[in-house]
Amino acid sequence: MNRFVKGNPLFCIGCRTCMVACVVAHRGNGIFTTDPESEDFYPRIHVVKTKTKTMTVQCHQCENAPCVKVCPVGALEKGTDSILLHEERCIGCKQCTMACPFGAIQMKSVVDEGTVRVVANKCDLCANTEEGVPACVSHCPTDALTFYEIDSVQNAVDKKNLQTALNAWAVKEGQV
Amino acid sequence: MNQFVYCDVNLCIGCGMCERQCIMSHYDLKMTEVKLNDPLQRARCKTYRQPELKAAVHCKQCDNASCMAACPVGAISKRDDKMIFIDESLCIGCRECVLACPFGAVRMAPVADGRVVATKCDLCVDTKAGTPACVKGCPKKALTLMNDETLKAWLLHKQEHSA
């Protein structure tokens, strides 16, 4: 099963540190030494604020990802434990952006040997960064982001399932 | 009100027959063909047999289901006005329902065509028998399909007992 990052709206304070961490991890240089007018800001994680809550939106690395289905050139493909986006193959058709039910894929401008290309941009679990682990998760000040590794979902489900059984058992007649 | 399978823990012995019946019913297998460790043979319920815990956990077919609310593509919906149903052909495998279910009743599992989809108890709605196999197959009659009628009877029994 794929690994993925997920936010918890109960802990998210909407500070957007995750968005900055994402950009810095992928770019590699200090954000405070960069002229804000010189570069564009393309995080792969987005903080959404509504009247009642703040929450992150990022790629869910879906098992049967609709973005993979609609990509006409195979730039999006299922990897061993995530959904891979090969930017060099991307033709900028934007269908993945339209297909994603979460709005987690957006388009960005990249400069490729002097020419500007518009390609898709989505969470890659920081696979191609120096740290190699999701920067948003490690930099979130409230631990609102969790990196679900291979067995994490199964463990979370097993825990809840067991608790359900224990709760039912607790009201067995003849017991407290 | 949605129908659902209820496990009476006073009667349950944690034998796991319900899991086997579930597999036999959904895949049209004989008891001897059931392999509990085959990921393609998915039981939709889970049993516990420990010294101090004997129970089966099924999807509760919640009337305001968290899984249904969490699904971004509408793969989970109320069916036949009596249950919450996952349409596996629409499932994109995003796992939102799995994480949303407070009972851990929804699980991801592989299907024959190589996809990985969310699965949960479907009251055997698309099987030959059309009614929950686990309920019929429980050796202790610990499982009941709760509908308006059976729930009423169950409540009445409890109320009379406590009066």
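Visitor: How many salt bridges are there between chain B and chain A?

Guide: A salt bridge is a side-chain nitrogen of Lys or Arg within 4 Å of a carboxyl oxygen of Asp or Glu. Between chain B and chain A the count is three. Lys6(A) forms a salt bridge with Glu96(B), with the closest N and O atoms 3.0 Å apart.

Visitor: What should I know about the model itself?

Guide: This is a predicted model, where local features need pLDDT of at least 70, side-chain atom pairs count only at pLDDT 80 or more, and totals for chains, interfaces and linings use all residues. Residues are numbered from 1 along each chain as its sequence is written, chains are lettered from A and ligands numbered from 1 in the order in which they are written, and side-chain values use heavy atoms, leaving out hydrogens and water. The score called pLDDT is the predictor's confidence in each residue, from 0 to 100; chain B averages 95.

Visitor: How many residues does each chain bring to the contact?

Guide: Contact means heavy atoms within 4.5 Å. Chain B brings 34 residues and chain A brings 29 residues.

Visitor: Is Asp124(A) buried or exposed?

Guide: Buried means under 20% relative accessible area, exposed over 50%, and partly exposed in between (1.4 Å probe, protein chains only). Asp124(A) has 17% relative accessibility, so Asp124(A) counts as buried.

Visitor: Which side chain makes a polar contact with the side chain of Asp124(A)?

Guide: A polar contact is a pair of N or O atoms within 3.5 Å; within protein, one must be able to donate a hydrogen and the other to accept it, and residues adjacent in sequence count only if both atoms are side-chain atoms. The partner here is His26(A), at 2.8 Å.
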